[in-house]
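User: I would like to learn how to read helix packing and ligand contacts in a protein model. Could you take me through them slowly?

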Amino acid sequence: MKLTIIGTGYVGLVAAVCFAKLGHYVTAVDREHIIQDLRENKLAIWEPTLQEMLETCRSDGRLFFETDVAHASKGADALMIAVGTPAGVSGRTDLSQVDHVIAQLKQAEDVCPPFIIMKSTVPVGTCDELEADLHAAGLRTEVVFNPEFLRQGSAINDFMNPDRIVFGCRSHLAKAALHQLYRGINAPIQVCDRRSAELIKYASNAFLAMKISFANMIADVCEDYGADNRQVMQGVGADRRIGPHFLQAGIGYGGSCFSKDLQSLLASGNAIGRSLPLLEATAQINEERIPQLLEKLISIWGNPRGKRLGVLGISFKPHTNDIRDAPFLTLLRLCYLYGIEVQTYDPVVQPATIEGVCQMDTAYEAAAGAHAIIIMTEWPQFAELDWVLMAQLMYQPILLDGRNVLSEEVISRLMAVENVIYIPVGRPMEQTTLTLKRDTSTLRHIYGT
Ligand code: UGA
């Protein structure tokens, strides 16, 4: 098939590369400077295997880049929209990028493909409205909703091996075109109406976010009662009706999707007077994670002003350089507020990405002279660091393991170092007992015991 994809962000570019790999001829469209870089095989996003796949698909003559929607749409069997749909005013989705594509298509009516496949996450009813708009302009194209469920950091693998593929469409012709597009991917296919497909995307992200907030809420209860949330969630997740995934407690979820989609769903509900209390609680629990964790450090430090915090991991999750809505940004704002200095290390986020943040070249440099270290993302290499050396490099060896990455073995080795305090999430804190000079009433205060 000949496919045109508008938008070369995470979803658009990964889809372009994967559909080309599946044997289709793909032309991806974006703004001039982005296309310029892509034509030189330069990627703004860091995603495992994406670079190699991009180069292969281009040299195989299956992947092309263009800047003009009309030109790229000529002769295409379908056009896929994968532009950004960020949060707009009061949480409602900002559809301006989608509207811009539709406006361009209306001007290029002689080349508009028979199917427009919406990949961007859009509020329920959007595809109906867009199709009505196109029909009113005299275009006979059908708008299909085909949600994407890939995760950053494992995007290619998720795209090629999805749990399910959803087609929200009206006609048999559209369904057949989508089947042809996805030929070669072995996954259950669900065909339904467009509105249901649009809601499947929101409800899936909302449910995943809810699972994480649930795990975080229970983690707090574990701390209250001295239980271990890893054990608790292992036991809970072993029930096949619940499942073991997305039950890892920590610093809360981040990224460009969960918060935005939750807010959009809440805003849609609000607009029609429908309250969604489960989603409100999910968002609230998440918002409280970082302030709560920082409070633990402040309770130990006393006065936070002038303290130096080493941060390991800036991106919202490992295996990506994406910092959109990263919990780190919330941490940073609070640190500014409290007068805490921040020095960071991240394996892939480029230095000078965030203004005013001191980005170090190694984790050890981020630890040097720090009054505490916080692990924000669970990069596997963080677990492999020489943590005894890390503690020795610090001014005050307090380790806040926001993702519970350190093994029992590493923790027990650490306990041999003077004055170490290890603060995990959702289980009892550990501290060196030998030479600890602090008043333990502060610690009792932290956990309320
Ligand atoms: C999420 C969904 O998982 C994808 O299915 C969806 O396609 C995507 O949003 C989207 O709508 O585009 P993504 O945001 O890339 O994918 O990453 P996730 O792996 O879902 O992680 C989101 C956040 O939750 C991260 O900050 C992660 O650290 C956090 N998380 C995840 C936890 O805190 N605990 C967990 O158990 C799992």
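Predicted model: local features only at pLDDT ≥ 70, side-chain atom pairs only at ≥ 80, totals over all residues.

User: Which other residues have a backbone N or O atom 2.7 Å from an oxygen atom of the ligand?

Analyst: Gln152 has such a backbone atom, 2.7 Å from a ligand oxygen, and a polar backbone atom of Phe149 is likewise placed 2.7 Å from an oxygen atom of the ligand.

User: How many residues surround the ligand, and which are the closest?

Analyst: The ligand is surrounded by 19 residues, and the closest of them are Phe149, Leu150, Gln152, Lys201 and Asn205.

User: Now to the helices: by what are two packed helices described?

Analyst: In general, one gives the angle between the two axes together with the distance between those axes. Here, helix α9, which covers residues 194-225, packs against helix α12, residues 277-301, at an angle of about 45°, and their axes are 9 Å apart. Because of that angle, α9 is oblique to α12. The crossing in which α9 passes α12 is left-handed.

User: Which residues make the contact of α9 and α12?

Analyst: On α9 they include Ala206, Met210 and Asp220, while on α12 they include Leu279, Ile285 and Arg289. Sorted by class, this contact of α9 with α12 has 7 nonpolar, 5 polar and 4 charged residues.

User: At what angle do helix α6 and α9 pack?

Analyst: Helix α6, residues 126-136, packs with α9 at an angle of about 135°, with the two axes 8 Å apart. That angle makes α6 oblique to α9. The contact is formed by Thr126, Cys127, Asp128 and Glu131 on the α6 side and by Arg194, Arg195 and Glu198 on the α9 side, and by class it has 1 nonpolar, 1 polar and 5 charged residues.

User: Are α5 and α6 roughly parallel or roughly antiparallel?

Analyst: The axes of helix α5, residues 96-107, and α6 come within 10 Å and cross at roughly 20°. Angles under 35 degrees count as roughly parallel, and therefore α5 is roughly parallel to α6. The crossing of α5 and α6 is right-handed. Val98, Asp99, Ile102 and Lys106 of α5 meet Leu130, Asp133 and Leu134 of α6 in this contact, whose residues divide into 4 nonpolar, no polar and 3 charged.

Technical notes. Residues numbered from 1 in each chain as written. Heavy atoms only, no water. Axes fitted to C-alpha atoms, helices over the stretch in contact; angles between N-to-C directions. Helix = DSSP H or I, 4+ residues; strand = E, 2+ residues; numbered from the N terminus. Parallel < 35°, antiparallel > 145°, perpendicular 65-115°, else oblique. Left-handed = near helix turned anticlockwise from the far one by under 90°. Contact = heavy atoms within 4.5 Å. Nonpolar A, V, L, I, M, F, W, Y, C, P; charged D, E, K, R; others polar. Near = heavy atom within 4 Å. Polar contact = N/O pair within 3.5 Å; in protein donor to acceptor, adjacent residues only side chain to side chain.
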